[in-house]
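Subject: Structure handover

Hello,

Here is the structure we discussed. My notes on it follow directly below.

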Amino acid sequence: MKKITTLVCVSILGGLLTLGGYKLLIEDDIKPVVVHESPDIPIYIPTNINTTNVASIVAPSFVEAAEKSLDAVVHVKNTAIVSAPMTMYDLFSGRNTERAQVGTGSGVIISPSGYIVTNYHVIKNANDISITLNNNKVYTAELVGSDEATDIALIKIETDEELPFLAFGDSNNAKIGEWVLAVGNPFNLNSTVTAGIISAKSRDLTGQNVQSFIQTDAAVNPGNSGGALVNTNGDLIGINTAISSRTGSYIGYSFAVPSNIARKIVNDIMEYGNVQNGILGVVGGALNSKAAEQLGVDITEGFYVSEVQEETGAEKAGIQSGDIIRKVDNVEINKFSDLTGYLKTKSPNDIVKVTLLRDGDEEIVPVTLLKPSITLLQTIGYVKNATDADLKRYNIDYGVKISKFYEDNYKDYWNKNGVEEGSIVTKINGKKLYSVDDVQNAMKTRGYNEPLQIEVINNEGEKTVYNF
């Protein structure tokens with residue numbers, strides 16, 4: 001017992017001596033270590049998946065949009081009579097070389113009474129237009145009107161029942177990156193739906209700034225033309241029109257006429273029978289860094305006005321050469337097709353607010369859009385509305401004035417025949433011309449193989465008919 005007690009006491013005494021030595025000799029020599037974070041070293045934060053938030057990152061459902069649009073998209077069959085090359089059998093048998101050519105596409109019902117919008121190229125030269133609904137009912141359609149420039153056509157079927165239809169959405173509110181559906185009939189496969197996003201807006205494929213497409217990566221193939229581009233709410237925001245492809249089939253991007261343009265074309269056809277365009281009256285081009293350097297401006301986005309046309313809304317509103325247009329109404333103008341695309345949604349006598357930069361200062365100018373007073377006439381060049389003084393000079397009450405020859409060889413030909421800038425074109429194929437609208441209508445209604453007959457009064461007052 002004495003040995004155990006002695007051993008415990010010795011152990012306790014040893015522990016106390018060790019602790020005291022540590023306190024006196026070692027602890028005082030320990031210095032605090034400060035850790036400095038370098039701003040150049042990336043900070044890694046562990047990510048934990050919270051299963052309660054999984055639903056918020058799932059892609060949106062397209063079921064509702066598809067259900068709304070499928071029954072409103074139709075199959076369009078166009079039968080045209082074309083002249084085929086004559087074969088030896090045709091020659092000896094006396095058989096007619098005309099053949100029936102069938103083309104197919106899509107269309108979108110836009111009213112319960114049977115109005116359908118499609119592409120102009122889908123029904124071009126059609127002798128017969130057949131419509132098949134999603135329920136397999138077949139109807140014969142009549143062409144109401146069309147506009148080749150925007151590739152939009154309006155057709156109608158007669159039915160006693162109210163049809164499912166799509167309402168036009170506001171394509172100006174469509175955003176890059178937004179989910180969309182393309183609905184149509186590619187390769188005669190009825191009721192096909194594909195999904196993608198809006199890749200770009202105001203896209204021009206010609207390089208001539210005459211188009212302003214919505215670009216998407218939703219798969220579109222031959223047969224989709226004239227079909228619907230809808231958002232996730234099922235609103236019609238575009239009419240599928242074209243693809244960019246070396247093979248003729250989809251390889252990545254497709255293009256649609258914005259719904260605001262299509263709606264305006266349809267309304268004009270219904271109300272006037274043709275398209276009523278309103279022009280601003282400016283000539284120029286889009287800015288970029290190279291153009292800005294050449295022009296001596298420090299702005300790289302916008303429309304640079306190089307010329308203001310006479311007797312237009314822009315001239316009357318005081319817009320000047322050298323102005324930079326940045327906005328029309330609330331639409332930003334970063335390239336030429338932004339401007340042309342928005343103006344295609346407007347009509348003559350509409351007033352738009354033009355935001356422009358002049359000498360570094362921003363101004364907002366109201367401009368009244370007017371009908372075009374100048375147009376391009378094949379084989380001559382630009383013609384414009386003649387004034388009363390122009391017509392009185394030749395004692396006539398109709399005609400349009402030659403403003404500028406299209407090319408030098410055109411100018412040489414006409415000058416040799418005594419026709420110069422300022423001469424009056426009075427008729428095309430026997431139709432009197434009172435304005436550039438008549439010029440456009442005469443050229444639009446001219447048959448593909450119909451000769452072109454132009455009546456001109458030269459500066460000496462001599463009237464001559466030229467045949468081409």
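Arg 358 and Asp 323 form a salt bridge, 2.8 Å from N to O. The term means a side-chain nitrogen of Lys or Arg within 4 Å of a carboxyl oxygen of Asp or Glu. Arg 358 is in strand S17 (residues 351–358) and Asp 323 is in the loop between H7 and strand S15 (324–328), so the bridge ties together parts 35 residues apart in sequence. Helices (H or I, at least four residues) and strands (E, at least two) are DSSP runs, numbered from the N terminus. Arg 358 counts as buried at 17% relative accessibility. Asp 323 is buried too, at 1%. Here buried means under 20% relative accessible area, exposed over 50%, and partly exposed in between (1.4 Å probe, protein chains only). Asp 323, Arg 358 and Glu 363 are linked in a salt-bridge network.

Before you go further: this is a predicted model, where local features need pLDDT of at least 70 and side-chain atom pairs count only at pLDDT 80 or more, while totals for chains, interfaces and linings use all residues. Residues are numbered from 1 along each chain as its sequence is written, and side-chain values use heavy atoms, with hydrogens and water left out.

**Other salt bridges**

The whole structure has 10 salt bridges. Glu 310 pairs with Lys 384, with the closest N and O atoms 3.9 Å apart. Glu 310 lies in the loop between S14 and helix H7 (313–317) and Lys 384 in strand S20, so this pair joins parts 74 residues apart in sequence. Glu 310 is exposed at 54%. Lys 384 is partly exposed at 25%.

Lys 156 bridges to Glu 158 at 3.4 Å, N to O. Lys 156 is buried at 14%, whereas Glu 158 is exposed at 62%. The charged end of Lys 156 also sits over the ring of Tyr 115, 5.2 Å from its centre. The criterion is NZ of Lys or CZ of Arg within 6 Å of the ring centre and within 35 degrees of the ring normal.

**Aromatic pairs**

There are 8 aromatic pairs. Rings of Phe, Tyr and Trp (its six-membered ring) pair if their centres lie within 6.5 Å; planes under 30 degrees apart are stacked, over 60 edge-to-face, the rest tilted. Phe 303 and Phe 336 have centres 5.0 Å apart and planes at 55°, so they are tilted. Phe 303 is in strand S14 and Phe 336 in helix H8, 33 residues apart.

Trp 414 and Tyr 466 are edge-to-face, at 4.8 Å and 75°. Both are buried. Thr 379, in the loop between strands S19 and S20, touches residues including Trp 414 and Phe 468. Contact means heavy atoms within 4.5 Å.

**Nonpolar cores**

The largest nonpolar core has 25 residues, and Val 108, Ala 228 and Leu 236 have the most contacts inside it. Such a core is a set of buried Ala, Val, Leu, Ile, Met, Phe, Trp, Tyr and Cys residues joined through side-chain atoms within 4.5 Å. H5 gives the most to this core, 5 residues. Apart from it lies another core, of 18 residues, among them Val 282 and Leu 343.

Best wishes

Definitions and conventions:
Lists of a residue's contacts leave out its neighbours within four places in sequence.
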